[in-house]
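Me: I have a structure to go through with you. Could you take my questions one at a time?

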Amino acid sequence: MQKGNIGVTTENIFPVIKKFLYSDHDIFLREMVSNAVDATQKLKTLAEKGDFKGEMGDLTVRVSLDADKGTLTFSDHGIGMTAEEIDKYINQIAFSGVNDFLEKYKDNANNIIGHFGLGFYSAFMVAKKVEIVTLSWQEGAKAVKWSCDGSPEFTIEDADKSERGSDIILYIDDDSKEFLDKYKIQSLLEKYCKFMAVPVAFGKKTEWKDGKQVDTEEDNIINNVEPLWTKTPSTLKDEDYKKFYSTLYPMHDEPLFWIHLNVDYPFHLTGILYFPHIKNNIDLQRNKIQLYCNQVFVTDQVEGIVPEFLTLLHGVIDSPDIPLNVSRSYLQSDSNVKKISTYITKKVADRLSSIFKEDRKAFEEKWDALKIFINYGMLSEESFYDKAKDFALLKDTEGKYFTYEEYKDLIKGGQTDKDGNLVYLYANNKDEQYTYIKAANDKGYSVLLLDGQLDTPLVQMLESKFEKSRFTRVDSDVIDRLVMKDDNKGEELEADKSDKLSTVFRSQLPHLDKAELNVQVQALGENAQPVVITQSEYMRRMKDMARFQPGMSFYSQMPDAYNLVLNSDHRLIKNILGDAESKTDEALKPVEGEIKGLEARLAALNDAQGKKKPEEITQAEKDDKENTQKSINEEKTKKNNILADYAKGNKVISQLIDLALLQNGMLKGAALDAFVKRSVELI
């Protein structure tokens, strides 16, 4: 028996292995199985070259658990090792000290990944003792056993082993007993080893017999050694891709379509990316792409390799050219990673473009589910916008689809305003904004339906891309002002009449939580609605953008601002104005006369004091001006109260206000109940 020291203190190598190389202890299982698979593949290579001429036999890698003994064993029939190779691949790791080792391999990790060395030491994250019992493939080799309890000392001695290959026995530490649970090991094997290139068996398959699950004679193979992405696309059918998707994501709907990646130059990359059905929440769908290196699972955190907008996709990417560090985490800053990201973006864009050109009808049918990917891509990647602008679609409220250029040609005749700007009208809820959409359609205008999660930032971007164009929501103004022409809109009311109307309606406005109503009077034509509610495009859009840009969060705190527009051409509004004037005229005359007199006096005071320097104005003159203004305000309050008293007795005013609120989904609770009761009374 040979004893030795691996070259460093206990305080050095194993804490480094545990703390710095592997943040997740589960990964030891991947490393153990990967080493066994690697040893098996190396034997295959030797056989292909003619160096190994013996019987290959069963090459299955086996993982076995003995909870009573507290051991987890990894067995292979690969190339095995001699005592000299154990010394080379196991003991020499720390010859120059762990820190020197890490420094040596930090920039060229591919020299170590897949070798029987560093990955092996991950076993000490969970094991208090590790044994290697191995027999080399070489003629005349003797079986040897290496043993180490996690201290710097190890032993090597002759072993009783007649079959080629290695058995790695882990004596699980007391603080890692969860790795002696059968179901835990099964789940980890399925996570990390699902597609390794050599069969991996964990126990036996079971069947239901005599009222319980019993083992059969058949090995429980946990992996598919030839996953779909390793096969030639021309040999595969749609059903193959769908079946593989259901294997990866058992509880998901069928994907929209997929892209099979297969490139040999300037780097090696294979994989399949699926476009899933996305319901609403972007973040819930992330981290569904699995990264593999030679069929060994690495991570599902692929930001950097896959452009951000494509992290919404599902699927698999496998590349030996993605550089990994010593813990098999990929290096995002590497130039190859950037090339792969660029390639994937181009491949996705090309695939979408070909589908659009080959079968536009099918593309349109998938558009509502696809648009979140495409819009996100255009917003986040300038290079993707340049490709996608030719197949990205706009959908109108009638369900028709247009490319950007097609829609521009459609509306440029009728929706160009007096300043030469092309106006894109849109709605985000076809039912809630039905009246506004119909008014626009009756005017001959087309209205887009922009009801996606990313449509607000998309609109901002398109306005910057499209020349002399602006997007306006269809309920942001009255119809005649959405696309401003030079047409005569009718006679506007005199200022005092407009003021009376505004005051009458303003006095009956309900209190709205986090919303403000501003009353306006406009001549909209006698066939237009008597009262219309609009919302400023700018303020509403800023509030929407606040959800995407944290720096704009102050907009989200502001109340929603709406305009209650009174149509002075409508019969009902004219009737209210006439009735208000006749019933308040006698009470208002002295008040309005007093206001005119006070306003004339205030104007004279302002004129006189305007000719003096500030220091020349006496306190008495200042008080006179202040008192005059105060008196004006008091008289105006009297006037407003007179009009408000009138409005209280005119149920039509409240009814018109509530109808407008109801149309916009803003009438709720007690106000809605009062509206229903008033409606019954009026009927």
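Me: Let us begin with T534. Which residue is its bridge partner in strand 22?
Reply: The partner of T534 in strand 22 is N563. Please note that this is a predicted model.

Me: And in what sense do strand 21 and strand 22 pair, and over how many bridges?
Reply: Strand 21 and strand 22, the latter covering residues 560-567, are antiparallel, with five bridges between them.

Me: What is the strand order in the open sheet of three strands?
Reply: The order is 20-22-21, and the pairing in this open sheet is mixed.

Me: Which strands stand at the edges?
Reply: Strand 20 (515-522) and strand 21 (531-535) do; each has a single partner strand, so one side of each lacks a neighbour in the sheet.

Me: What does the twist average from one strand to the next?
Reply: The average is 25°.

Me: Changing topic: at what angle do helix 9 and helix 13 pack?
Reply: Helix 9 (residues 360-380) and helix 13 (residues 455-465) pack at about 45°, and their axes are 10 Å apart. The two helices are therefore oblique to each other.

Me: Is that crossing left-handed or right-handed?
Reply: The crossing of helix 9 and helix 13 is left-handed.

Me: Which residues make the contact?
Reply: Helix 9 contributes K371, N375, M378 and L379, while helix 13 contributes D455, P457, L458 and M461.

Me: How many of them are nonpolar, polar and charged?
Reply: The contact of helix 9 with helix 13 has five nonpolar residues, one polar residue and two charged residues.

Methods
Residues are numbered from 1 along each chain as its sequence is written. This is a predicted model: local features need pLDDT of at least 70, side-chain atom pairs count only at pLDDT 80 or more; totals for chains, interfaces and linings use all residues. Side-chain values use heavy atoms; hydrogens and water are left out. Two strands pair if DSSP finds at least two bridges between them. Helices (H or I, at least four residues) and strands (E, at least two) are DSSP runs, numbered from the N terminus. Axes are lines fitted to C-alpha atoms, for helices over the stretch in contact, and angles run from 0 to 180 degrees between N-to-C directions. Angles under 35 degrees count as roughly parallel, over 145 as roughly antiparallel, 65 to 115 as roughly perpendicular and the rest as oblique. A crossing is left-handed if the near helix is turned anticlockwise from the far one by less than a right angle, and right-handed if clockwise. Contact means heavy atoms within 4.5 Å. Ala, Val, Leu, Ile, Met, Phe, Trp, Tyr, Cys and Pro count as nonpolar, Asp, Glu, Lys and Arg as charged, and the others, Gly among them, as polar.
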